[in-house]
Structures are given as C-alpha cells and as structure tokens.
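Here are some notes for a colleague who is new to this structure. Please read them alongside the sequence and the model.

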Amino acid sequence: MTKRILLYATLVAGAAIAVFPYLLVVLTAFKTQAQLSSTAPWLPGLPPTAGNLVKMLEGDFPRYLLNTAVMTALLTTGQLVFTTFAAYAFARLRFRGRDALFWLYVATMMVPSAVTMIPLFLIMRELDLVNTWYGLLAPYVLGTPYGIFLMRQFFKSLPAGLEEAARIDGAGPLTILVRILLPLCRPALGTLAIITVISSWNSFLWPLIITSGEDTKVITVAIATLKDGIGVDYHLMMAGSLIALVPMVAVFIFFQKHIVRSVVLTGLK
C-alpha cells in the first residue's frame, strides 16, 4: 500500500511539473499589465481579461499563424515524399557505395544544428535566398537524416517476398513502392509526419536567422520579438504562446493513438 501511495505521489508530482509551465502561459495570457506585476505568477488575475488575445488576433499575428501553417504543411509534405524515395533507394535498390553513403549521411545527425546554421546562411546568401520562402524551406524540405533512417529501417523490416512477387508480375520499382510498400508503411509515415509537424511548428533558430520581413515571419519569431518602448510585453507574449499552443493541443487530442504509436516505434522517451 505504501509503495502504491509513493508511486501515485511521484506520478502526480511529475505531472504537476510537466503541466505547470502551460498553466503559467494560460494564467499570464489572461492578466493585464497591472495584474502581472501585482499577483504571483501561479495565481490568476481577477477579473481575467481576454484583451490580450483580442489584441493579438486583431494585429498581424494571424498572418504569422498562416505563415507557420504554410511552412509546416510544405515541410511535412516534402519530407514525407522525398524521405520515402530516399529511404526506399537506400533500403531496396542496389548501387555501388550505397551503405557507405547512407551511414555517412546518417552520421550528420551527430553534428549539432547550431554548427551548420552559419554555413547554411552563407549558402542561402550566395544564392540570393535570404528572407524568402525558398531559403526558409530549402534546408529541410528534401528530408532529414533521421527521417530517412527511420523509413529505411522500416522498409528493411518488410518481407522481401512481396517485392519479388511483384517483379514477377512485371511491376517496376515505382509501382512496388507506391502500390505495395507504402500502404504497409502507414505507421512509419504517421510517425514521421507527427515529428515533422511538431518540429516545424516550433522551429525558431533557422527562421530567425534567414527571415526578416513580415511576409515570411513565423509565430515563434513573432512571439520572441514582442516588445514595447520600455521592455517586453510578457502578457502579450503569453497570449501569443497560448494561441500558438492551441493547434498543437488539437493535434495531440485528435492523434493521441498515432502519437503513442510513434513513441513506441521510435523509442523516444
């Protein structure tokens, strides 16, 4: 009995620690500037106000939301398409240097993304793609080492007899991929899609570096740059964060089973 009580107490404490930052976002989003300085962060402002949310939605924030949604959709679509083709080539097609090239490509996951930001920016500047949608999307739309590794391992787990039977019937590599293997890859594709959507929606460093105009600004950059003449508008930042959080909460609610499956499939903790 004592062990069970300790177990539940630990779980409740862990849940409280995980939920507390989100609770602060919600509480702060409904506070005025005066309430923000006169009440403790973990206490609600009375009376609560929706003025911060209204102010954000009446400004340019909806445009930033749309920019982020477009970026997320394009990156997710591109990664699913190009990652699938690359992973299939590494898993099933035979060509000289295939394995060496694959492991060399996967080894780039060991390089921190911050290290590659400056070289990527210099490349985009030479191509005149700074502050453009092309520059924002180009480094990631064609796939990532992790995505290709995930899909390649899933392809290799599928029975080779399926492809052999299809080849006997006269099917080519593209037909085998699209009509036979892809329907079996839904768990892996769902996993990759969820990971890409979340990472793209929350992307901050690269959009901050490569973009500067309003037409390409995303919500993470917009929230980070919310300032007035004196300092940072924390209540507006939290209102923006709450608005940006709603789509991810909706994704979690509607795709709970797929998210759990993705955790099991990838081994993420």
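This is a predicted model: local features need pLDDT of at least 70, side-chain atom pairs count only at pLDDT 80 or more; totals for chains, interfaces and linings use all residues.

1. Helix α4 (residues 61-92) has the highest confidence, with a mean pLDDT of 91, while helix α15 (residues 256-266) has the lowest, with a mean of 60. For the chain, the mean pLDDT is 83, and 93% of the residues reach 70 or more.

2. Helix α4 packs against helix α5 (residues 98-106) at an angle of about 135 degrees, and their axes are 9 Å apart. The crossing of α4 past α5 is left-handed.

3. Which residues of α4 and α5 meet? On the α4 side they are Ala89, Phe90, Ala91 and Arg92; on the α5 side they are Arg98, Leu101 and Phe102. Sorted by class, this contact of α4 with α5 holds 5 nonpolar and 2 charged residues, and no polar ones.

4. Helix α5 also crosses helix α8 (residues 145-157), at roughly 135 degrees. The axes of α5 and α8 come within 9 Å. The two helices, α5 and α8, are therefore oblique to each other.

5. In the contact of α5 with α8, α5 supplies Asp99, Phe102, Trp103, Tyr105 and Val106, and α8 supplies Pro145, Ile148, Phe149 and Arg152. By class there are 7 nonpolar and 2 charged residues in this contact, with no polar residue. Phe102 of α5 is listed in the contact with α4 and also in the contact with α8.

How values were computed. Residues are numbered from 1 along each chain as its sequence is written. Side-chain values use heavy atoms; hydrogens and water are left out. pLDDT is the predictor's confidence in each residue, from 0 to 100. Helices (H or I, at least four residues) and strands (E, at least two) are DSSP runs, numbered from the N terminus. Axes are lines fitted to C-alpha atoms, for helices over the stretch in contact, and angles run from 0 to 180 degrees between N-to-C directions. A crossing is left-handed if the near helix is turned anticlockwise from the far one by less than a right angle, and right-handed if clockwise. Contact means heavy atoms within 4.5 Å. Ala, Val, Leu, Ile, Met, Phe, Trp, Tyr, Cys and Pro count as nonpolar, Asp, Glu, Lys and Arg as charged, and the others, Gly among them, as polar. Angles under 35 degrees count as roughly parallel, over 145 as roughly antiparallel, 65 to 115 as roughly perpendicular and the rest as oblique.
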